[in-house]
Amino acid sequence: MKREVHPGRLRGKISLPGDKSISHRALILNALAHGKARISNFLDGEDCLGTLRCLRQLGVSVEKIAPRAVILEGRGLEKLKEPEDVLYVGNSGTTIRLLMGVLSGLPGSSVLTGDASILRRPMGRVAVPLQLMGARIIGRKGGTLAPIAIQGGSLTSLRYETPVASAQLKSAILLAGLFAEGITEVIEPLQSRDHTERMLRSMGARLWTNGNLVAVEGRPRLQAQDIDVPGDISSAAFWLVGATILPSSELLLENVGLNPTRSGILDALREMGAKIEVSNPRSVCGEPVADLLVESAELEGISIGGELIPRLIDEIPILALAAACARGRTIIRDAGELRLKESDRLEATATLLKRLGAKIEVMPDGLIIDGPTAWLGGNTESFGDHRLAMTMAIAGLLAPVSIEGTECTETSYPGFWETLEEVRK
Ligand code: S3P
């Protein structure tokens, strides 16, 4: 579907949809636990609904009782059933990778597949440690690409150093570790998001961390837990950047998850000169949450890389838009993982922003952006990637754009276009 966005400023109040990463985990971990759980502010986006459908195929009783609310009855580690048909994950990397971990522990066979983007994304990084634990995994190109077939059951624990900082990879190993006797340890080169660890611990698993090492003891009896999902900081990022770069803008973003493994976008934007105030900090289901007030500000270019990158990995397309508005040069390094997301986000972000007038050079692991840009507006597209579609929508508030293929925003932000209409003045 094609949409047009016209210039405006942003003013008002937004209540953010539930965090995507936490919504997936609330479903999967409760499915492995004992008892009933209610998940509120659940993200009704396509990705999480994909996880919900796959869990139903594994015999989990899960009902949507209202918009953004789900009731689920856990089956414990023992009683998941072998799926009768192929599990289809749509566009969701989190679904396929986390479920690879679970299915490795499940006696029986299963097949996972997804859309064209999923068929291109690397699965070997997950298959390798799961094979070391004892799962039989095959897939296209030597087990590195979906469809992925898994023969699971009787796993042994593992100590594994991951080649990349990836919460999906780490979580897949930890989930498989739940099915193995003994202690499974994962060591990452840099810390990735830790929602799995927090939730597992609160459900009763014995789990320790030491720097970038996480250890979990196998065969726990997990207790199902009601979860109130914090608002998604990755969705908030579009509004944070929008209100910053558009003059006379001010937005109050309510109920934003501020887990330190996710809040790198605040650090980067503040270093650039953004005005973002945090109020009403609280803890919701073991996750830090607060309200954010953001107003227009002049930005300056910065250099980022290293440990900050996993903390803002999904926000780099919208951060690149902010950088193109900033005075001076912004350098983003150590972000080669972006080439392996829903699209090649380094190439795609540069292609789209350049079409609108930005000056961007693509490096193998990052971007060099020279601002400020005299925005031209123009015709753009999403490359089927939700975060690019929303980045283009915010760019359209600077100079008119048309965006082809906007339906993909349903992946992570149902209601995005309606909210844009409400706060665009
Ligand atoms: C996610 C982890 C990140 C992120 C993705 C969601 C998760 O991917 O990009 O949108 O929920 O674990 P990687 O773990 O592959 O970096």
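Hi everyone, let's begin with a network: Arg121, Arg193, Asp314, Glu342, Arg345, Asp385 and Arg387 are linked by salt bridges. For a salt bridge, a side-chain nitrogen of Lys or Arg must be within 4 Å of a carboxyl oxygen of Asp or Glu. Before going on, a word on the model, which is predicted: local features need pLDDT of at least 70, side-chain atom pairs count only at pLDDT 80 or more, and totals for chains, interfaces and linings use all residues. Residues are numbered from 1 along each chain as its sequence is written, and side-chain values use heavy atoms, with hydrogens and water left out.

Back to the network, then. Which residue does Asp314 meet in a salt bridge at 3.3 Å, N to O? That partner is Arg193. The pair links distant parts of the chain, 121 residues apart: Arg193 sits in the loop between E11 and helix H8 (195–202), while Asp314 is in the loop between helix H11 (308–311) and helix H12 (316–325).

The cut-offs are under 20% relative accessible area for buried and over 50% for exposed, with partly exposed in between (1.4 Å probe, protein chains only). The areas themselves come from the Shrake-Rupley method, again with a 1.4 Å probe, and for residues only the protein chains shown count as cover.

How many salt bridges are there by this rule? The count comes to 26. Among them is the one between Glu185 and Arg159, whose closest N and O atoms are 3.2 Å apart. Here too, distant parts of the chain are linked: Glu185 is in strand E11 (residues 183–187) and Arg159 in strand E10 (residues 159–161), 26 residues apart. Arg159 counts as exposed, at 52% relative accessibility.

Staying with charges, let's turn to the surface. Glu410, Glu418, Glu421 and Glu422 gather there in a patch of negative charge. Patches are made of residues with over 30% relative accessible area and no salt bridge; like charges are joined within 9 Å, and nonpolar side chains (Val, Leu, Ile, Met, Phe, Trp, Tyr) within 5 Å. The place of a charge is taken as NZ of Lys, CZ of Arg, CG of Asp or CD of Glu.

Now for the strands. Two strands pair if DSSP finds at least two bridges between them. E4 and strand E5 (residues 69–73) run antiparallel and are joined by 5 bridges, and Glu63 stands opposite Ile71 in E5.

Elsewhere, strand E7 (residues 108–113) pairs with strand E9 (residues 145–152) in the antiparallel sense, over 5 bridges. Leu112 has Ile148 in E9 as its bridge partner. Strand E8 (residues 136–139) is also antiparallel to E9, joined by 4 bridges, and Arg136 has Gln151 as its bridge partner there.

Most residues other than glycine have a negative phi, and most peptide bonds are trans. Where do we find cis peptide bonds? One joins Ala146 and Pro147, with omega about 0 degrees, and Pro147 lies in strand E9. Another runs from Gly371 to Pro372, with omega near 0 degrees; Pro372 is in the loop between strand E21 (366–371) and strand E22 (378–381).

As for phi, Ser154 has a positive value near 35 degrees. Ser154 is in the loop between E9 and E10 and counts as exposed, at 72% relative accessibility. Asn255, in strand E15 (residues 250–257), has a positive phi of about 65 degrees.

Definitions and conventions
Lys, Arg positive; Asp, Glu negative; His and termini not counted. Helix = DSSP H or I, 4+ residues; strand = E, 2+ residues; numbered from the N terminus.
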